[in-house]
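Dear colleague,

I am passing on a structure for you to look through, and below it you will find some notes on what turned up in it. Please keep it open beside you as you read.

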Amino acid sequence: MRIRLALLAFVLLLPRFAAAQRDPDWIAPQQPFRIYGNTYYVGTHGLASILVTSPAGDILIDATLAENAPTIMEHIRALGFRVEDVKLILNSHAHYDHAAGTAALQRASGAAVAASAWSAAVMEHGSSPKDDPQFGVLPDYPPVPHVRIVEDGETLQVGPLALTPHITAGHTPGGTSWSWQSCEADKCLDIVYADSQTPVSADGFLFSKSDAPAQFQRGFAILEQLRCDILITPHPGASSLLERVDAKTLVDPQACRRYVARAREALANRLKREGERQR
Ligand SMILES: [Zn+2]
C-alpha cells in the first residue's frame with residue numbers, strides 16, 4: 001500500500017521533475033545482495049545504491065532517482081536492515097540519476113546528508129549551476145534541506161564505520177569517490193566507490209576551456225593510488241559490477257587502475273575532438 005502511494009505521489013510530481021534522457025535500466029529490477037562483509041548493493045539494475053552496515057547505524061551512498069527511493073527502502077528491508085538505522089547518506093555526484101532520491105530517503109530515515117562543497121550546494125538547490133558540464137540538460141530534483149560539507153581525505157564515522165571521501169571531480173566539479181574497508185571473518189578488503197569519470201556534456205560545453213581536465217587528472221592520480229580490492233561505480237555497468245558478481249571475479253586489485261586507464265583515454269579523445277572542431 002505504501003509503495004502504491006509513493007508511486008502515485010511520483011506520478012503526480014512527474015511533470016515538475018521530468019527527466020531528460022533516461023536509461024530504462026535505471027529503474028529495472030535488481031535483487032539486492034551482499035557485495036562483501038557489511039557492504040550491500042541496494043540499487044536498481046542500472047544505478048548503484050550502496051549500504052554499509054554496523055550495529056551502531058548504517059551509511060547509504062547514492063539515493064539514485066526520486067522514483068527509486070521506495071525500491072531502495074524495500075531492498076534495505078529485504079536484506080534484514082531498517083531504513084531508520086541509516087544515519088548518514090553520502091553522494092558520488094549531484095546529478096539527478098544519483099541524488100534525486102536523497103530528500104525522500106532523508107525524510108524516511110532521519111539520516112544526515114553529507115557531500116563535497118559543490119555537490120552540497122547543488123543538492124540543496126536541486127539543480128546544477130553553469131559550471132556543470134551538463135548544465136541546461138539536467139532535470140531539477142527535490143532539494144535536500146541541509147547537506148553537511150565534507151573535505152577531501154577526512155574520515156566520516158558512524159559507530160565503527162569509517163568512510164573517506166576523495167574529491168575526484170571533472171564529470172562534475174564536485175565529484176566524490178569513497179573508500180572504506182569491509183571484513184569477512186579475519187579478511188578485510190579495501191572497497192572503492194569510484195565516481196563517474198566520463199567527459200559528458202551539454203552541447204556547446206568545451207572541456208578544453210574549463211577546469212575539468214585538471215580536475216580529472218587530479219582524480220585519476222588519486223584513484224590510481226587507492227588500495228582497491230573491490231571497485232564499485234555509480235553506474236554498475238561502468239565497472240561490469242553485476243557481471244563480476246555473477247562470475248565471482250569481484251575482487252580485482254587492478255580494477256581501479258583499469259577504470260582510470262579507460263577514463264584517461266576517453267578524456268584524451270574528447271579533448272582531441274574539441275581541438276579538431278575548433279581548427
Ligand atoms: Zn552524471
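This is a predicted model, and I begin with helix α5, which covers residues 117–125 and in which Trp118, Ser119, Ala120, Val122 and Met123 are buried. An α-helix has 3.6 residues a turn, so residues three or four places apart point the same way. The elements that cover the buried residues of α5 include α3 (96–99), α4 (102–109), β6 (112–115) and β7 (147–149). After α5 comes Gly126, which has a positive phi, near 75°.

Because His95 sits in the loop between β5 (86–90) and α3, while His171 sits in the loop between β9 (161–167) and β10 (176–184), the pair ties together parts that are 76 residues apart in sequence. His95 counts as buried because its relative accessibility is 3%, and His171, with a relative accessible area of 6%, is buried too.

Finally, please look at Ser49, in the loop between β2 (39–41) and β3 (50–52). Ser49 has a relative accessibility of 0%, and therefore counts as buried. A polar atom of the Ser49 side chain lies 2.7 Å from the backbone oxygen of Asp62. If neighbours within four places in sequence are left aside, the residues in contact with Ser49 include Tyr40, Tyr41, Leu60, Ile61, Thr64 and Ile72.

Technical notes:
Residues numbered from 1 in each chain as written. Predicted model: local features only at pLDDT ≥ 70, side-chain atom pairs only at ≥ 80, totals over all residues. Heavy atoms only, no water. Buried < 20%, exposed > 50% of the residue type's maximum accessible area, 1.4 Å probe, protein only. Helix = DSSP H or I, 4+ residues; strand = E, 2+ residues; numbered from the N terminus. Contact = heavy atoms within 4.5 Å. Polar contact = N/O pair within 3.5 Å; in protein donor to acceptor, adjacent residues only side chain to side chain.
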